[in-house]
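Welcome to a short tour of what lies inside this protein chain. Please have a look at the structure first, and then we will walk through a few of its residues together.

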Amino acid sequence: AGIHELVVERHRVQRIVVENNGGANGLVDAAELSRLGVTSETLKARALRVAAPPAIRSWRRFIVVGMVVAVVLTAFGGGYFLVRRWAAGRSAAMPFAHLRIRQLTANGKVGNAAISPDGKLFAYTIDDLGQKSLWLGSVAGGTPRQLREPADATIRGLTFSPDSNELFFLLRDEKHPRTSLYQIPSAGGVETLAREGIGDFALSPDGQQIAFSRSDGATHQDSVVVASMYGGGETTVASFPADKSFDSDTLSWSPDGKRLALALSEEQYGNGNRLAVLEIATGRVEQIPPQRLLQITKTAWLKEGNGLVITGADIPATSSVTQYRLFRVAYPGGETNEITPDRSNYGASWHNDAGVSLSLSAASDLMLTVEHRQLSNIWVAPANDLAAAKQISFSSFGKYDGLWGLDWAPDSTLYYTTSDTESSFIANMNADGSGMRNLTPPGSIDSVLTVAADGRYVFFHSSRGGGFDIWRMDRDGTNLKQLTFGGHGYHAAPTPDGKWVYYKSNLPGSDALFRVPMDGGAPEQVTKNATWWPSFSPDGQYFAALYATDKNRLAIFSATTNELVKQFEMPRSGTLYMGSRWTPDSKAVTFRDKNYGYWVQ
């Protein structure tokens, strides 16, 4: 039935990997790390990890996590489910000592996913060029059944009812602009509205209640609300001030129905996440010591209530791609051990709106998640014949050539980002892929590069000073010079006349565009509203950027006055993420599509 199984027994290791070229969708870049709260202190420190007992450390070496990976043109994963079975009768200290791993899908397009409490069914979404469909499969194998036809919609939060007969999901589309909770029989049928205006939620063990978050704009507080599944009976269990927020997608209900797990994000923790447990009856918040992660994205309770499985990323996350892994956290002690120590992403999908996938069967003997594995390489093509593209870099998994920046020098030397397992740095090579050479040393994040119009300098943002700032270097990698200070500078864009470097500021309360003299000096604010990803026209008359007013638009500004000249509606799947490029005649702007290909405005 197309299901592959790999059994791992103690010292026997089997690894099956199929690798192809992947894309950059849905992953975290250097600027995103700052948005997630990585400070200069956390960038200078290694992750705080809890030491596993010797027994756990001994078996961890033998976990096999490299499996057959489904491929699409731009990404790995999203089509890969991991079902892990751990043997009954094992001690609590070794909850994952014996694993059976099964791949359930092979289409490379899976977004969100969940397993039924009885362990017999699994539901998942497929994203095909922005068209989302909902499917149901059998863990035992067979042909999957489509529950919802493809549509331009967001579908996430898949959750089965306790008896596995109903499937709940969150839906937003043109007809339903407010995200709402729907249900559909697992056997197929008509979907019905369960609750309107509900975002991320957790279903109680008896299926009668849901927990969700609610924001209050007046008090700037986020609250955890428990309510009857089908309306009424709402209770605010706890409220959190702005400096002590929580991620609503991390809510999960304990098996006894008395507690909710959630991930807190507090300034006192260096803006990392801290796992916490909320008592529903009293509203008391119990923080689980001592683990702390860059980001906890999902939680799921073990059936005994003595621990949780979580998805999360370590502090600091300094490689090109943040690795989200599975961890087991004991409750209430907090002892933490890593389940997936490889470089794949677990729970996350390359589809930006898919949400995080992690669910356990009611017996906790089956766990389901989505694996995302990504390779990035560089291709070149004639500008008038993209079909003639040719691959010029052939890096291995974990290198991510060009993922966070590419640019040509006037002599057709190509500058690009690459990485090792702990850092991102800048390299260059000839247009045919020959002469590869690293220009900046490893050990920090050097990212989002731009070559000056005259080819003299290369500009980029870097974490080497603590936080992120704009740096300049000669084209051969020498004479490094820091241009901005304070740890809030991103997306360097030099002006063609060689006078200024524009950049995005991430100062508290400001997402505006700033500029600094190319040789260093005092910064100046350029725009009032949030502005990202500037790029200058070759004639030096204009710059393009993503500009936020009532919505995000492609905006054209005068490079002389910095005044807004024109705004364009963005295609729904278009993005200025990682910047734009002007055509040589300065008459059009090109930018990426979120799925495949490019747009020209």
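This is a predicted model: local features need pLDDT of at least 70, side-chain atom pairs count only at pLDDT 80 or more; totals for chains, interfaces and linings use all residues.

Setting aside neighbours up to four places away in sequence, Leu 576 is in contact with Trp 533, Ala 545, Leu 546, Leu 554, Met 570 and Phe 591. Leu 576 also belongs to the largest nonpolar core, a group of 21 residues. Together with Trp 532, Ala 544 and Leu 554, Leu 576 is listed among the residues with the most contacts inside that core. Two or more core residues come from each of strand 41 (531–536), strand 42 (542–548), strand 43 (552–558) and strand 47 (589–593). Strand 42 gives the largest share, three residues. Another core lies apart from this one and has 15 residues, including Ala 202, Leu 251, Leu 262 and Leu 278.

Arg 553 is found in strand 43. Is Arg 553 buried or exposed? Its relative accessibility is 15%, and buried means under 20%, so Arg 553 counts as buried. Which side chain does the side chain of Arg 553 meet in a polar contact? The partner is the side chain of Glu 569, at 3.1 Å. Beyond four places in sequence, Arg 553 touches Ala 545, Leu 546, Tyr 547, Gln 567, Phe 568, Glu 569 and Met 570.

Now for the aromatic rings. The structure holds 14 aromatic pairs, and the table shows two of them.

| Pair | Centre to centre | Angle between planes | Geometry |
|---|---|---|---|
| Trp 301 and Tyr 331 | 5.4 Å | 75° | edge-to-face |
| Trp 404 and Tyr 577 | 6.3 Å | 85° | edge-to-face |

The pair of Trp 301 and Tyr 331 links distant parts of the chain, 30 residues apart. Trp 301 sits in strand 20 (residues 295–301), while Tyr 331 is in the loop between strand 22 (325–330) and strand 23 (336–338). Trp 301 is buried, with a relative accessible area of 8%, and Tyr 331 is buried at 15%.

Distant parts of the chain are also linked by Trp 404 and Tyr 577, which are 173 residues apart. Here Trp 404 lies in the loop between strand 28 (390–391) and strand 29 (406–408). Tyr 577 lies in the loop between strand 45 (574–575) and strand 46 (581–582). Trp 404 counts as buried at 1% relative accessibility, whereas Tyr 577 is partly exposed, with a relative accessible area of 25%.

Rings also gather in a group: Tyr 502, Phe 536, Phe 543, Tyr 547 and Phe 557 form one aromatic cluster. Arg 472 is over the face of Tyr 457, at 4.0 Å from the ring centre. The charged end of Arg 515 sits over the ring of Trp 500, 3.7 Å from its centre.

Our last stop is Ala 261, in strand 17 (residues 259–266). Ala 261 is buried, with a relative accessible area of 0%.

Notes:
Residues are numbered from 1 along each chain as its sequence is written. Side-chain values use heavy atoms; hydrogens and water are left out. A nonpolar core is a set of buried Ala, Val, Leu, Ile, Met, Phe, Trp, Tyr and Cys residues joined through side-chain atoms within 4.5 Å. Buried means under 20% relative accessible area, exposed over 50%, partly exposed in between (1.4 Å probe, protein chains only). Helices (H or I, at least four residues) and strands (E, at least two) are DSSP runs, numbered from the N terminus. Contact means heavy atoms within 4.5 Å. A polar contact is a pair of N or O atoms within 3.5 Å; within protein, one must be able to donate a hydrogen and the other to accept it, and residues adjacent in sequence count only if both atoms are side-chain atoms. Rings of Phe, Tyr and Trp (its six-membered ring) pair if their centres lie within 6.5 Å; planes under 30 degrees apart count as stacked, over 60 as edge-to-face and the rest as tilted. A charge sits over a ring if NZ of Lys or CZ of Arg is within 6 Å of the ring centre and within 35 degrees of the ring normal.
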